[in-house]
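Hello,

Here is the structure for you to look over. My notes on it follow below.

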Amino acid sequence: MGVLQLLKSQFVCHLVICYVFLFSGLVINLLQLCTLPLWLVDKQLARRINVRLGYCISSQMVAALEWWSGTECTLYTDPKSFPLYGNENAIVVLNHSFEIDFLCGWTFCERFGVLGSSKVLAKKELSYVPVIGWMWYFLEIVFCKRKWEEDRRTVAQSLQNLHDYPENFWFLLYCEGTRLTPKKHQVSMQVAESKGLPKLKYHLLPRTKGFWVTVQNLRGTAAAVYDSTLNFRNNETPTLLDILNGKKYHADLYVRRIPLESIPEDEAECAAWLHKLYQEKDSFQEHYTQTGRYPGPTVSPPRRPWSLINWLFWACLLLYPLGLLVAQLISSGSILTILASVALCSAASLGVRWMIGQTEIGRGSSYGDKEVPLNNN
Ligand SMILES: CCCCC/C=C\C/C=C\CCCCCCCC(=O)SCCNC(=O)CCNC(=O)[C@H](O)C(C)(C)COP(=O)(O)OP(=O)(O)OC[C@H]1O[C@@H](n2cnc3c(N)ncnc32)[C@H](O)[C@@H]1OP(=O)(O)O
Ligand SMILES: CCCCCCCCCCCCCCCCCC(=O)OC[C@@H](O)COP(=O)(O)O
């Protein structure tokens, strides 16, 4: 292990990274709150400011992936579609098997200049996560309860609100609805069987209603669906803690651009279209598993310095007062103050650990792992 790698695995480094993330995040959340009155006066300006404030938070996690862990990203895509990426609104359909797939998604957003404005159909529980979840309120992220009867109206309304969004955005949709586990796969294949659909080897059966409602409500706003399949080389399954430890990975992303007009408007036809898409995704995954690559040409969009510059800015801003505080604390010699500070730091560390836990599949929801009573129609 090299010196740098040893340094990256040190707990004190993780504490510093997490301290900067947490405190800058809370400061930014506060600034976002201050933009509330502006929404009434100039909504588009408020949105643009929030895109930049949001960037200051999410790019820190991207910086951890790109600059701290040094993870590399290769894109497999049609060269004719490449110039459109980042220059149009799009719905991104991504496989959901990795703990950091959202982070790799963010990295690609960063490289195509749409990180601050990127959107997702996210489970409601994530809106309560401090920093990230709170930031999402101001970025008009669409939340769902994964209960169609409750979601159908709210999701459609939130999507409609994006019609006049002033910046290009990618809207991420994990149609599988939850992360893949052996149990969830088994249950979802039972559902596939009951619906007379071919079984999928690498994906859960996609939930079609969210896709249909998204496509219908973003017609005229988004130009295309980007069908995306993500994998890591050498069968690796990275976690956020691995990234914090500075472990390097290589992500491969296969993207096909599908014009939105080619997707059927009728709900049942749209559902059938999505099922077919997932069967194709399964075959790309099989190809990757067999050969270690996807079909077609590759390109490695370069990482940009902005995420690192942003992190360095917040680190300088926050580490200096922290240093002064620690020095003052030690020189004060007050055991009570020192104990109170240690307790505060421990609470903050536990809080961040809980946030990291939100990304862990082992701590995931039970959504989709219950046997469902099936009627064969
Ligand atoms: C590469 C570039 C990347 C770019 C990245 C861009 C942006 C990044 C931005 C942010 C990054 C941060 C990421 C944060 C990640 C957070 C992600 C999540 O929270 S995922 C969870 C929430 N999202 C979803 O669930 C979306 C998919 N779900 C749906 O669309 C659902 O339909 C729904 C709208 C949520 C409604 O849920 P509900 O449970 O009510 O679903 P359905 O009505 O669809 O379910 C009933 C339906 O499904 C059949 N069924 C039953 N059991 C199963 C099963 N186990 N598997 C499959 N199907 C099942 C059942 O028979 C019913 O069938 P039918 O429709 O025929 O009636
Ligand atoms: C600079 C780096 C600092 C790192 C330290 C701070 C880490 C803080 C991390 C907060 C992350 C919160 C964003 C969580 C996004 C999780 C995405 C996700 O994958 O959600 C799962 C859902 O899709 C489905 O849920 P399940 O039904 O599988 O359950």
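Predicted model: local features only at pLDDT ≥ 70, side-chain atom pairs only at ≥ 80, totals over all residues.

Lys-209 has a polar side-chain atom 2.7 Å from a ligand 1 oxygen. For Arg-207, the distance from a side-chain N or O atom to an oxygen of ligand 1 is 3.2 Å. The protein covers 85% of the 1,400 Å² of accessible area that ligand 1 has on its own (Shrake-Rupley method, 1.4 Å probe).

The shell around ligand 1 has 20 nonpolar, seven polar and eight charged residues. Here Gly counts as polar, Tyr and Trp as nonpolar, and Asp, Glu, Lys and Arg as charged. Strand E3 gives the most, with five residues. Among the other elements that supply at least two are H5 (101–111), H7 (148–160) and H9 (208–217). Helices (H or I, at least four residues) and strands (E, at least two) are DSSP runs.

Now helix H13. Its 23 residues (335–357) should span 33 Å at 1.5 Å a residue, and the end C-alpha atoms are 33 Å apart, so the two agree. The expected span is 1.5 Å times one less than the number of residues. Val-352, Met-355, Ile-356 and Gly-357 are its buried residues (under 20% relative accessible area, 1.4 Å probe, protein chains only). Their cover includes H2 (11–34) and H10 (240–244), with contact meaning heavy atoms within 4.5 Å.

Residues are numbered from 1 along each chain as written, chains are lettered from A and ligands numbered from 1 in written order. Local features need pLDDT of at least 70, side-chain atom pairs count only at pLDDT 80 or more, totals for chains, interfaces and linings use all residues, and side-chain values use heavy atoms, without hydrogens and water.

Best wishes

Technical notes
Polar contact = N/O pair within 3.5 Å; in protein donor to acceptor, adjacent residues only side chain to side chain. Buried < 20%, exposed > 50% of the residue type's maximum accessible area, 1.4 Å probe, protein only.
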